[in-house]
Amino acid sequence: MKFSEAFGVYRELVLSSQTRREITSELGRWEKHVSPVLGEYQLDKIRNLQILQLKKSLEAKKLSPQSVYHCLSLARRILHRAEEWELYPGPVPRFRMPKFDNRRLRFLTPHEVGQLLKKLEEVSDLWRDVAAFAVNTGLRAGEIYSMRPYAVDTENAQVKVYDSKNSLSRVVPLNAHALAIVQKYRRRAWRDLPLFHENGQLPERSYHIFRRAVHDCGFNRGIADRRERICFHSLRHTFASWLVQSGTPLVLVSRLLGHKDIKMTMRYSHLAPSQEREAVSLIKFDF
């Protein structure tokens with residue numbers, strides 16, 4: 001079986017169940033970068049040398065380390081699935097993945113959030129509410145987009161997040177602002193659509209509204225490094241950063257964010273140096 005044929009099976013059995021955005025991204029990586037190099041190889045002919053050739057071709061295109069990583073990761077996933085489905089005997093070549101620090105650390109100030117919400121409100125009530133909900137809950141975009149009315153428990157002011165990025169479900173408490181937003185959309189729940197929609201229109205299909213509002217606010221003016229540019233995910237960072245700055249313990253922030261490993265939450269530790277001083281000051285002993 002050719003690698004391109006294995007991708008066809010992967011596309012049908014795995015990729016088809018992912019979000020529209022994920023499907024578009026993976027298809028783009030395959031068609032532009034992976035297929036031209038590996039597509040015609042028989043599965044059992046793909047060795048470390050062929051993977052290295054793919055890596056070199058990606059670097060020659062001057063793709064970012066993250067893009068190189070995603071393309072190599074796609075190739076590896078297809079090979080692992082092909083071996084799992086007994087499409088070929090394996091073994092899957094072992095190769096080093098590029099390392100990079102792609103963490104976004106920038107977050108918005110309360111004043112900037114106010115600016116953004118006002119700008120969104122001028123164009124779309126839906127996007128204004130989605131952005132406000134994000135900054136008050138720290139939920140990922142996909143978690144908000146896919147949220148169903150039955151996942152909301154208004155009596156206990158909480159929402160159940162199913163099948164998150166790390167495959168773990170969790171319960172997230174809602175503050176007064178977030179609760180008011182979900183109550184508004186529960187009253188207009190429509191058929192089998194997700195909670196957040198406007199007359200059947202889903203926010204993920206109009207992301208350009210959010211992008212335009214960020215542009216009009218000037219948050220990314222003159223900033224080339226994508227790690228410093230504001231995007232929807234920045235609202236999640238804003239939620240976490242505000243909590244840490246207010247004295248919330250990192251372990252609790254980690255649980256609210258749904259991090260599988262607290263190491264991911266440690267990126268915010270620099271925002272609360274006073275917590276460390278306060279912690280050691282609690283030890284009182286007269287020698």
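Residues are numbered from 1 along each chain as its sequence is written, and side-chain values use heavy atoms, with hydrogens and water left out. In this predicted model, local features need pLDDT of at least 70 and side-chain atom pairs count only at pLDDT 80 or more, while totals for chains, interfaces and linings use all residues.

With a salt bridge taken as a side-chain nitrogen of Lys or Arg within 4 Å of a carboxyl oxygen of Asp or Glu, the count comes to 11. One of them pairs Lys2 with Glu40, whose closest N and O atoms are 2.7 Å apart. Lys2 sits in the segment before helix H1 (3-13) and Glu40 in the loop between helix H2 (20-38) and helix H3 (48-60), so this pair ties together parts that are 38 residues apart in sequence. Helices here are DSSP runs (H or I, at least four residues) and strands likewise (E, at least two), numbered from the N terminus. Lys2 is partly exposed at 29% relative accessibility, whereas Glu40 is exposed at 56%; buried means under 20% relative accessible area, exposed over 50%, and partly exposed in between (1.4 Å probe, protein chains only).

A further salt bridge joins the side chains of Arg170 and Glu143, at 3.0 Å from N to O. Arg170 belongs to strand E3 (residues 170-173) and Glu143 to helix H7 (residues 141-145), so the pair ties together parts 27 residues apart in sequence. Both partners are buried: Arg170 has a relative accessible area of 10%, and Glu143 one of 7%.

On the surface, Val251, Leu252, Ile262 and Met266 form a nonpolar patch with about 310 Å² of accessible area together. Such patches take residues with over 30% relative accessible area and no salt bridge, joining like charges within 9 Å and nonpolar side chains (Val, Leu, Ile, Met, Phe, Trp, Tyr) within 5 Å; accessible areas come from the Shrake-Rupley method with a 1.4 Å probe, and for residues only the protein chains shown count as cover. Met266 lies in the loop between helix H11 (250-257) and helix H12 (273-281) and is partly exposed, at 41%.

Arg106, in the loop between helix H4 (65-84) and helix H5 (110-121), is buried, with a relative accessible area of 16%.
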